[in-house]
Amino acid sequence: MNATVRHIPHDGADQGVNALLKRLLDIAVAAVLLVLVSPLLLAAATGIRLTSPGPVFYLAMRVGRGGRPFKMFKFRTMRPDSHKGSPITAPNDDRIFPFGRFLRGTKIDELPQLVNILKGDMSLVGPRPEDPGIVEKHYDAEMMKSLAVRPGITSPGTLLYMRRFREAVRNEDVTGSYVSGILREKLQADIRYIDEQSVLRDIGLILRTVCAIAVSVVRSRGRE
């Protein structure tokens, strides 16, 4: 990937005792969760098979630590070939099939990324991995700092995005509104996290994410 040859600041944020503890926590939690949620994973895979033709999983190309590309596992939530459109999903995106919308709303579609954590591609907490095209076209030197550590399933920027998604991203210009409306602010929150990260803070962010998902599910059902 050409975007990754640009200089990526690295100040040892992913080294040392704290980084070792973080990695051990990632492996332990991901392994336990994969066992605990295996019935849910099977139910999700079955639901996709029954409601939409095509593969169960979607392999999304993303930019990881050091600017290295990797394939991020997700349950497929869009109709076949829909991923050829915008890399950003719009509010009420018509590419999503009904059961896929449920998987997205509950974040069940993200659970296969536990495998990415075990592989070392990702962490439980870290800047959300971005599409290579967006990194190539829109990241400046400051934003590249977010690539100094493993990307994560959740982060302060992810929580900000969950809160601001509907107001920041417009259906008529999905990628443009994402880049101009929230990308920099999201990455600034994640870069601050990199400077201040700790295992205890990671645990707190995981708990906050679980609460945010629960609130989002309740609100979405209230709108139905």
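Trainee: Are Glu-110 and Lys-74 buried or exposed?

Mentor: Both Glu-110 and Lys-74 are buried. Buried means under 20% relative accessible area, exposed over 50%, and partly exposed in between, with a 1.4 Å probe and protein chains only. Please note that this is a predicted model, in which local features need pLDDT of at least 70 and side-chain atom pairs count only at pLDDT 80 or more, while totals for chains, interfaces and linings use all residues. Residues are numbered from 1 along each chain as its sequence is written, and side-chain values use heavy atoms, with hydrogens and water left out.

Trainee: What makes the contact of Glu-110 and Lys-74 a salt bridge?

Mentor: The term requires a side-chain nitrogen of Lys or Arg within 4 Å of a carboxyl oxygen of Asp or Glu. The N to O distance for Glu-110 and Lys-74 is 3.8 Å, and their side chains therefore meet in a salt bridge. Glu-110 is in the loop between α3 (98–106) and α4 (113–119), and Lys-74 is in strand β2 (residues 69–75), 36 residues apart. Through shared partners, salt bridges join Lys-74, Asp-109, Glu-110 and Arg-128 into one network. Helices (H or I, at least four residues) and strands (E, at least two) are DSSP runs, numbered from the N terminus.

Trainee: How many salt bridges are found in the whole structure?

Mentor: The search finds 13 salt bridges. One of them pairs Lys-22 with Asp-202 at 2.6 Å, N to O. Lys-22 lies in helix α1 (residues 17–36) and Asp-202 in helix α8 (residues 199–223), so this pair ties together parts that are 180 residues apart in sequence. Both Lys-22 and Asp-202 are buried.

Trainee: Which side chain meets Asp-131 in a salt bridge?

Mentor: The partner is Arg-62, at 3.9 Å, N to O. Asp-131 lies in the loop between β3 (123–125) and α5 (132–138), whereas Arg-62 belongs to strand β1 (residues 57–63), so the pair ties together parts that are 69 residues apart in sequence.

Trainee: Why is Asp-131 called buried?

Mentor: Asp-131 has a relative accessible area of 18%, and is therefore buried. Arg-62, at 13% relative accessibility, also counts as buried.

Trainee: Why does the radius of gyration of the protein agree with that of a compact globule?

Mentor: With 224 residues, a compact globule would have a radius near 17 Å, and the protein has 17 Å, so the two agree. The radius is taken over C-alpha atoms, and the globule rule is 2.2 Å times the number of residues to the power 0.38.
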